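Work through the exercises below with the model open. Each task is followed by a solution in steps.

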Amino acid sequence: MNALTQQPLLTTRSTREWQAADAAHFLHPFTDFQSLARKGSRIITRADNIYLWDSDGRKILDAMSGLWCVNVGYGQQALIDAATRQLRELPFYNSFFQTATPPAIELAELLAEITPPQFQHVFFTGSGSEASDTVVRMVRRYWDILGQPQRHTIISRKNAYHGSTMAGASLGGMGAMHAQGGLPIPGIVHIEQPHAYQLAREMAPDAFGRLAASWLEDKIIELGPDRVAAFIGEPVQGAGGVIIPPDTYWPEVQRICDRHGILLVSDEVVCGFGRTGHWFGCERFGTRPDLMSFAKGVTSGYVPLGGVMVGERVARVLIEQGGDFEHGYTYSGHPVACAVALANIRLMQQLKLVERVRDDTGPHLASLYASLAEHPLVGRAETCGLMAALQLVRDKASGTPFPPERQVGLLCRSHCFANGLVMRAVGDRMIVAPPLVMTRAQVDEMGALIRLCLDKTWADVQ
Ligand code: PLP
């Protein structure tokens with residue numbers, strides 16, 4: 001209730017009424033507006049633990065953690081209390097012009113504690129996309145201060161996702177995004193991704209990892225090493241379809257960056273905060289990034305927050321030689337978001353969520369996926385911590401894909417929705433990234449639903 005007007009804050013409406021109002025006024029991200037108006041949105045009204053309920057009262061297992069973010073699951077009282085307390089105490093103050101708030105300071109301190117040792121400083125943003133823009137500004141500023149402004153180009157990868165702002169979408173390697181609005185912006189180039197199924201099905205993984213890393217060195221040499229500012233990558237490409245690189249890939253990328261003095265940026269927006277069974281994906285894959293962007297899991301998505309961890313190599317230059325850094329956001333270090341992040345990280349520590357994913361639920365998911373790999377529709381099943389992908393194929397023996405126009409991934413996804421499971425389709429790759437609070441029994445429950453939906457899809461394509 002609104003105390004002044006005695007009006008309920010939200011009205012209760014039927015699904016059809018919600019859908020009509022939605023289609024009339026709400027332009028959704030990454031959505032064909034006409035198709036939405038025709039089919040109507042699915043209206044999610046509440047959630048608890050790993051489950052959602054829609055406006056028709058149907059229960060759904062959320063195997064995508066909202067959008068890769070609700071790591072501690074829904075309904076965690078500690079986060080709700082932290083937000084409520086902070087809203088009462090100080091709902092907003094900025095961090096511009098030499099001001100700060102206790103939650104932002106404490107969160108900066110805690111992040112310095114839980115991230116790898118080279119990170120002692122953080123720049124807060126409101127989202128992962130803003131973190132990507134901050135990375136571009138910071139990398140270029142770093143080389144400018146050092147008197148090497150020609151070191152301007154940032155190398156990224158095809159099929160990467162780094163956000164939806166102009167710089168974020170440019171860093172990303174999504175062709176469909178670049179096709180709209182004249183992207184990428186100048187000074188960002190892309191190399192091929194370490195996607196073994198797509199590029200080198202027959203090759204031994206270790207050899208493929210080294211080969212894929214060598215594409216980075218080829219590009220550096222082509223551009224001229226003294227023109228390259230940084231390389232950015234997600235440890236595991238999330239939105240691109242949970243592309244898990246071979247173990248040889250990242251250490252070789254690190255060696256190449258070191259050899260040419262190039263900054264290494266790890267985009268941890270998806271992989272950070274426990275997703276891979278380590279606090280950060282760079283720890284799982286053995287790199288020492290100079291910058292590390294994060295968002296999503298830092299607050300488990302309860303409120304928006306992002307940021308960039310700044311390694312000492314860059315921080316010392318910015319702090320000691322940089323003067324004013326002409327960059328920032330109104331919501332950089334938002335006190336409510338920071339209070340929720342503090343509660344979220346402390347809860348993850350109390351529940352030992354990262355250890356659980358590493359030692360218990362992650363290996364359990366891996367063995368479940370090993371059995372799903374036997375399904376006739378599945379060409380490859382891969383997991384890393386609590387993220388996983390199933391590559392659907394027309395012919396299991398040869399690994400031949402379906403023709404794209406059959407849209408088998410979307411068909412499978414529609415079976416998931418109809419059977420109470422949120423799973424995402426990236427082409428014919430079915431991916432999950434469930435809440436990290438998931439128990440072994442819930443992993444099995446998810447596995448049974450996935451198998452059911454694979455069976456139904458298999459029946460349809462015969
Ligand atoms: N980086 C990665 C790896 C992401 O997956 C995303 C979002 O999915 C972003 C950046 C952008 O984050 P946001 O949507 O919070 O702007």
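The exercises cover strands, sheets, a ligand shell and backbone angles.

Residues are numbered from 1 along each chain as its sequence is written. The model is predicted: local features need pLDDT of at least 70, side-chain atom pairs count only at pLDDT 80 or more, and totals for chains, interfaces and linings use all residues.

**Exercise 1. Strand β7**

Task: Determine how strand β7 is covered, and find its pairing with β5 and β8.

Solution.
- Step 1. Helices (H or I, at least four residues) and strands (E, at least two) are DSSP runs, numbered from the N terminus. Strand β7 spans residues 228-233.
- Step 2. A residue is buried if 20 or more other C-beta atoms lie within 10 Å of its own, exposed if 12 or fewer, and partly exposed in between, with C-beta atoms placed from the backbone. By this rule six of the six residues of β7 are buried.
- Step 3. Strands pair if DSSP finds at least two bridges between them. Strand β5 (residues 153-157) runs parallel to β7, joined by three bridges, and Thr153 is opposite Val228 of β7.
- Step 4. Strand β8 (residues 263-267) pairs with β7 over four bridges, also in the parallel sense. Ala230 has Leu263 in β8 as its bridge partner.
- Step 5. From β7 the chain reaches β8 by way of helix α11 (residues 249-260), in a right-handed β-α-β crossover. Right-handed is the term used if, with the strands pointing away from the viewer, the path from the first strand over the helix to the second runs clockwise.

**Exercise 2. The ligand shell**

Task: How many residues surround the ligand, and which are the closest?

Solution.
- Step 1. A residue is near a molecule if its C-beta atom, placed from the backbone, lies within 6 Å of it.
- Step 2. The shell holds 15 residues, with Ser127, Gly128, Ser129, Gly163 and Val269 the closest.
- Step 3. Helix α6 (residues 128-145) supplies the largest share, three residues.
- Step 4. Ala, Val, Leu, Ile, Met, Phe, Trp, Tyr, Cys and Pro count as nonpolar, Asp, Glu, Lys and Arg as charged, and the others, Gly among them, as polar. The shell divides into five nonpolar, eight polar and two charged residues.

**Exercise 3. A mixed sheet**

Task: Give the strand order of the open sheet that contains β13, and trace the hairpins of β1 with β2 and of β2 with β3.

Solution.
- Step 1. The order of this four-stranded sheet is β1-β2-β3-β13, and the pairing is mixed. Strands β1 (44-48) and β13 (421-422) are at the edges, each pairing on one side only.
- Step 2. Strand β2 (residues 51-54) runs antiparallel to β1, with four bridges between them. Ile44 is opposite Asp54, and Arg46 has Trp53 as its bridge partner.
- Step 3. Two residues separate β1 and β2 in their hairpin, and Asn49 in the turn has a positive phi of about 55 degrees.
- Step 4. Strand β3 (residues 59-62) is antiparallel to β2 over three bridges, with Leu61 as the partner of Tyr51. Four residues lie between the strands of this hairpin, where Gly57 has a positive phi near 80 degrees.

**Exercise 4. An antiparallel sheet**

Task: Which strands stand at the edges of the sheet, and which helix lies across β11 and β12?

Solution.
- Step 1. The open sheet has four strands in the order β11-β12-β15-β14, with antiparallel pairing.
- Step 2. The edge strands β11 (378-384) and β14 (424-426) have a single partner strand each, so one side of each has no neighbour in the sheet.
- Step 3. Strands β12 (residues 387-392) and β15 (residues 429-432) are joined by four bridges, Gln391 being partnered by Arg429.
- Step 4. Axes are lines fitted to C-alpha atoms, for helices over the stretch in contact, and angles run from 0 to 180 degrees between N-to-C directions. Residues are in contact if their C-beta atoms, placed from the backbone, lie within 7 Å. Helix α15 lies across β11 and β12, at about 175 degrees to β11.
- Step 5. Helix α16 (residues 408-418) packs on the sheet and touches β12, β14 and β15, its direction making about 180 degrees with that of β14.

**Exercise 5. Backbone angles**

Task: Where does Phe30 lie, and is Phe30 buried or exposed?

Solution.
- Step 1. Phe30 is not a glycine, yet its phi is positive, about 45 degrees.
- Step 2. Phe30 belongs to the loop between α1 (15-25) and α2 (33-39).
- Step 3. Phe30 counts as exposed because it has 8 C-beta neighbours inside 10 Å.

Terms used: Two residues are in contact if their C-beta atoms, placed from the backbone, lie within 7 Å.
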